[in-house]
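Here's a quick tour of a single chain, going from its overall layout down to a few side chains. Have the sequence and the model open as you read.

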Amino acid sequence: MTPSKKSRKSRPDKSQPLLRQLAAVPETLFAGAFRQQYGALCFRHGNAGSEVEILVITSRESGRWVIPKGWPMKGKKPFEAAAIEAWEEAGVRGLVKKKPVGRYTYLKEFYNGDVAPCIVDMFQIEVTDISGDFRERGQRILEWVSPDEAARRVREIELKSLLVQFEARGRRKRDRG
């Protein structure tokens, strides 16, 4: 006996853009609270300190441009989790600001097709060390670009705004004039 249409769990049509998929199953979006993530807004000073470059990376699943981010980690403060994600996803370490510099929301799509709304608190990391040997090496493309170019590449509107308005908070003592 086949289940009737009413008893079957509705699934979005994966060929459609994400928002159109969600429109077909709005209960997916509003079923629970927003999930928390922590992101790393990694930057460095180029051209003798006169320009700032932002690190953007590709996501493993879709290849779209994103910033390093991930879920809370047991026993780690939010800024520490952001720094760990930057190391694991992009091989960068540096001076991490302990207070978030902003936040953005997005829809996280899981492997099974489920979708969850997420809030990402962003922490600035002034990159001081770059390694070619990190956990997700070969799974992502990394590029250093201007804040405006970074904003053009990412999809999330609120993240675009954070990138366009980017200001490095504090600089290393040895760089101060």
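## Overall layout

How many helices and strands does the secondary structure of the chain come to? There are five helices and eight strands, and read from the N terminus they run α-α-β-β-β-β-α-β-β-β-β-α-α. Helices here are DSSP runs of H or I with at least four residues, strands are runs of E with at least two, and both are numbered from the N terminus.

Before going further, some ground rules: this is a predicted model, where local features need pLDDT of at least 70, side-chain atom pairs count only at pLDDT 80 or more, and totals for chains, interfaces and linings use all residues. Residues are numbered from 1 along each chain as its sequence is written, and side-chain values use heavy atoms, with hydrogens and water left out.

## Surface and contacts

Of the 177 residues in the chain, 39% are buried; that label means under 20% relative accessible area, while exposed is over 50% and partly exposed sits in between (1.4 Å probe, protein chains only). The accessible surface comes to about 10,800 Å², and carbon and sulfur atoms hold 51% of that. These areas come from the Shrake-Rupley method with a 1.4 Å probe, and for residues only the protein chains shown count as cover.

A contact is a pair of heavy atoms within 4.5 Å. Take the contacts with a separation of 6 or more: 69% of them link residues 24 or more positions apart.

## Two nonpolar cores

A nonpolar core is a set of buried Ala, Val, Leu, Ile, Met, Phe, Trp, Tyr and Cys residues joined through side-chain atoms within 4.5 Å. The largest one has 20 residues, and those with the most contacts inside it are Leu41, Ile54, Tyr104, Met122, Ala150, Leu159 and Leu163. At least two of its residues come from each of S1, S2 (51-58), S6 (102-109), S7 (115-130), H4 (147-153) and H5 (157-164). Another core, of 15 residues, lies apart from it and includes Tyr38, Ile57, Phe79 and Ala90.

## Helix H3

H3 (residues 78-90) has 13 residues and reaches 18 Å from its first C-alpha to its last. That is close to the expected 18 Å, where the expected span is 1.5 Å times one less than the number of residues. Just after H3, Gly91 takes a positive phi of about 70°.

Its buried residues are Phe79, Ala81, Ala82, Glu85, Ala86, Glu88, Glu89 and Ala90. Their cover includes S1, S2, S4 (69-70), S5 (92-96), S7 and S8 (142-145).

Arg35 is in strand S1 (residues 35-46) and is partly exposed, at 38% relative accessibility. Beyond residues up to four places away in sequence, Arg35 touches Trp71, Phe110, Ala116, Pro117, Cys118 and Ile119. Arg35 and Trp71 are 36 residues apart in sequence, with their C-alphas 8.6 Å apart in space.

Glu156 is in the loop between H4 and H5, and it is buried, with a relative accessible area of 7%. Its side chain makes a 2.8 Å polar contact with that of Arg64. (A polar contact is a pair of N or O atoms within 3.5 Å; within protein, one must be able to donate a hydrogen and the other to accept it, and residues adjacent in sequence count only if both atoms are side-chain atoms.) Glu156 also touches Tyr104, Thr105 and Tyr106.
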